[in-house]
Amino acid sequence: MEKYDVIVVGAGHAGIEAAIASARMKSKTLLMSLKLDTIGVMSCNPAIGGVGKGQLVKEIDALGGAMGKAADACGIQFRTLNASKGAAVHSSRVQIDMYKYNQYMIDLVKNQDRLFLKEAQVKKLIVVKGKVTGIVIDKGSKIYAKCVILCPGTFLDGVIHKGHKHFPGGRINDESAVGLGSDLRRLGFNLLRFKTGTPPRLDKNTIDFSKLIVQYGDNPPRQFSFTAKKIRMKQIPCYITYTNKKTHKIIKDNLKYSSMYSGAIKAVGVRYCPSIEDKIVKFADRERHQIFLEPQGLSSDEVYPNGLSTSLPDKAQLEMIHSIEGLKKARVIRFGYAIEHLVVEPTQVYPTLETKLVKNLYLAGQINGTTGYEEAAAQGLIAGINAARSIKNKKPFILDRATSYIGVLIDDLTTKGTDEPYRMFTSRVEYRLILREDNADLRLRKIGYDLGLVSKKDYIQTQKKQDSIKKGMVLLNSMRIKPTDKINKRLKGWRQPFLKEALTLKEILRRPRMDFEKLRKLNGIKLNIKDDIFRQIEIDVKYEGFIKRQLSEVESFRSLEKIKIPKGLDYVSIPSLSKEIKEKLAYFRPLTLGQASRISGVTPAAISLLMVYMKLKKPSII
């Protein structure tokens with residue numbers, strides 16, 4: 001009898017992180033894939049990170065996950081988005097050699113201790129007395145496990161749409177995973193249907209790059225992983241072009257043939273990454289839309305036109321492409337398409353990502369209604385951690401909204417649900433000033449070390465960084481600069497106010513438009529502080545007041561998060577709660593008062609009543 005501690009179904013970004021975490025936490029783990037050579041394949045854009053997404057990758061790395069290191073090893077253009085704005089919204093993004101990334105992930109899982117691989121399709125779950133005990137694969141064979149993690153991505157009853165053509169598939173040239181969706185319905189799960197899409201791929205040898213705007217990456221490139229290693233991959237540019245009135249007319253003339261606008265697709269699409277058809281219809285006043293031409297690899301001829309996602313028929317796609325500057329003679333290697341897939345309504349999942357209906361069954365990735373590699377990987381990591389801890393009867397691992405972007409992502413899904421594909425943004429994060437990219441290691445490295453996912457060497461490195469920041473801050477507080485003609489002349493050149501009295505370096509650094517470089521030049525000051533450490537100090541100094549205010553807000557937030565709601569609490573018996581609120585609390589089954597307070601329609605008055613009721617019934621829980 002084939003038996004494991006944990007079975008992970010699906011080897012995309014969620015599945016990889018789940019399997020790696022589980023295996024590293026000493027659980028015998030099986031990773032299932034329809035095709036083992038597609039482990040870690042980037043189905044859509046050849047990039048990792050972005051606004052809000054870069055923060056997720058940094059946090060995954062800080063906790064000991066794989067995505068950040070993989071991005072560094074395979075990155076061919078690194079950029080910091082929102083660099084001209086405040087540090088709270090700085091977000092890293094990297095173009096990836098997607099073929100190297102695929103091979104990197106295959107090598108990673110093959111060489112991981114306690115991790116086994118199998119190529120098969122999962123048809124059914126084995127559930128006994130409300131607890132999952134294994135899976136049934138395509139030929140009826142049974143494989144048993146203590147926990148199962150489902151990470152099927154877009155493959156769960158996936159249907160591909162291109163014009164009036166519709167056929168089963170989880171990705172072009174890959175079959176759909178059928179059977180498992182019906183089984184989830186049988187088990188009582190409420191399923192939704194979401195849609196995503198991808199653009200055509202172009203032959204770079206047929207693109208006129210002289211007509212395009214070149215876009216270079218950062219120099220030097222800034223890594224994703226906090227385990228600093230030099231970026232060794234060759235760095236190359238991307239290019240920008242735009243649609244035009246002719247493009248828009250072609251799209252409008254062919255809307256009746258689009259899968260989205262012909263009525264063939266009933267599912268909800270991605271609001272923040274719309275198809276080109278959606279852009280033309282919903283933003284009819286716009287004369288052009290930006291297209292980023294992104295290489296898919298150093299040795300590949302394929303170029304990804306980001307912003308040109310479509311489900312138009314092939315002929316219309318070709319006409320549309322040839323109307324765009326620089327693409328008039330472009331050859332299409334593979335046409336774009338839309339894809340519909342099943343989603344489990346995510347409020348049926350606890351913040352641990354274990355399902356409420358079936359014990360020891362975890363869901364991660366697009367099955368929970370998200371879109372994007374980063375959101376999937378973050379969920380996979382948490383599901384893998386919790387499955388491994390469950391087997392050892394350890395306390396569940398939950399990151400809250402005040403701890404991380406990952407905490408916000410999972411809390412949003414499990415308390416609010418989503419009726420459209422969910423994408424992470426900095427605007428979703430209340431405490432983004434203290435949950436920055438640059439301090440993800442300071443926030444989460446110890447947690448990763450305690451979980452057994454971060455090595456002692458990497459943890460010590462973070463401790464040294466913390467010590468260096470403290471020493472640097474002490475130095476800035478202890479050194480004072482007295483006003484002199486020479487110093488005031490230099491300050492005037494920088495449009496800075498004169499010094500009228502002696503100030504500490506910290507007080508001077510706090511000034512607007514004052515930075516590390518200027519501070520060092522102010523009086524030939526020698527500061528024995530590394531650039532990356534000073535960058536951290538500079539952020540802390542400039543935002544000190546705001547950070548203190550957010551930390552105070554976090555304390556208020558945590559006061560409700562600390563109050564656990566007993567499992568099996570009978571909400572119906574609580575007097576004064578409305579029937580609607582009782583039904584919502586019974587359905588969502590929140591774990592804490594904080595989580596209950598974020599359920600739509602649950603009022604502050606209801607939370608107060610619930611707190612009083614719990615205090616009277618069981619004083620020890622408050």
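1. Basis of the note. Because the model is predicted, local features are reported only at pLDDT of at least 70 and side-chain atom pairs only at pLDDT 80 or more, whereas totals for chains, interfaces and linings use all residues. Residues are numbered from 1 along each chain as its sequence is written, and side-chain values use heavy atoms, with hydrogens and water left out. Helices (H or I, at least four residues) and strands (E, at least two) are DSSP runs, numbered from the N terminus.

2. The nonpolar core. A nonpolar core here is a set of buried Ala, Val, Leu, Ile, Met, Phe, Trp, Tyr and Cys residues joined through side-chain atoms within 4.5 Å, where buried means under 20% relative accessible area, exposed over 50% and partly exposed in between (1.4 Å probe, protein chains only). The largest such core has 109 residues, and those with the most contacts inside it are Ile 7, Ile 48, Leu 125 and Leu 150. Helix α9 (residues 373-391) gives the most to this core, contributing 11 residues. With contact taken as heavy atoms within 4.5 Å, and residues up to four places away in sequence not counted, Ile 7 touches Leu 30, Met 32, Ile 135, Ile 143, Tyr 144, Ala 145, Cys 147, Val 148 and Ile 149.

3. Helices α2 and α9. Helix α2 (residues 53-62) packs on α9 at an angle of about 30°, with their axes 9 Å apart; axes are lines fitted to C-alpha atoms, for helices over the stretch in contact, and angles run from 0 to 180 degrees between N-to-C directions. That makes α2 roughly parallel to α9, on a scale where angles under 35 degrees count as roughly parallel, over 145 as roughly antiparallel, 65 to 115 as roughly perpendicular and the rest as oblique. The crossing of α2 past α9 is left-handed, a term used if the near helix is turned anticlockwise from the far one by less than a right angle, with right-handed used if clockwise. The contact is made by Lys 53, Leu 56, Val 57 and Ile 60 of α2 and by Glu 374, Glu 375, Ala 377, Ala 378 and Leu 381 of α9.

4. Helices α1 and α4. The axes of helix α1 (residues 13-24) and helix α4 (residues 98-110) come within 11 Å and cross at roughly 25°, which makes α1 roughly parallel to α4. On the α1 side the contact is made by His 13, Ile 16, Ile 20 and Arg 24, and on the α4 side by Tyr 101, Met 105, Leu 108 and Val 109.

5. Helices α6 and α8. Helix α6 (residues 245-253) and helix α8 (residues 314-322) pack at an angle of about 170°, with their axes 8 Å apart, and are therefore roughly antiparallel to each other. Thr 247, Ile 250 and Ile 251 in α6 meet Ala 316, Glu 319 and Met 320 in α8.

6. A cis peptide bond, with omega about 5°, joins Asn 219 and Pro 220, and Pro 220 is found in the loop between β14 (213-215) and β15 (238-242). Arg 114, in the loop between α4 and β6 (115-119), has phi near 70°, a positive value in a residue other than glycine, and is partly exposed, with a relative accessible area of 39%. Asn 360 also has phi near 70°, but is buried, with a relative accessible area of 8%.

7. Ser 91. Ser 91, in strand β5 (residues 91-96), is buried, with a relative accessible area of 0%. The C-alpha atoms of Ser 91 and Glu 437 are separated by 7.0 Å, although the two residues are 346 residues apart along the chain.
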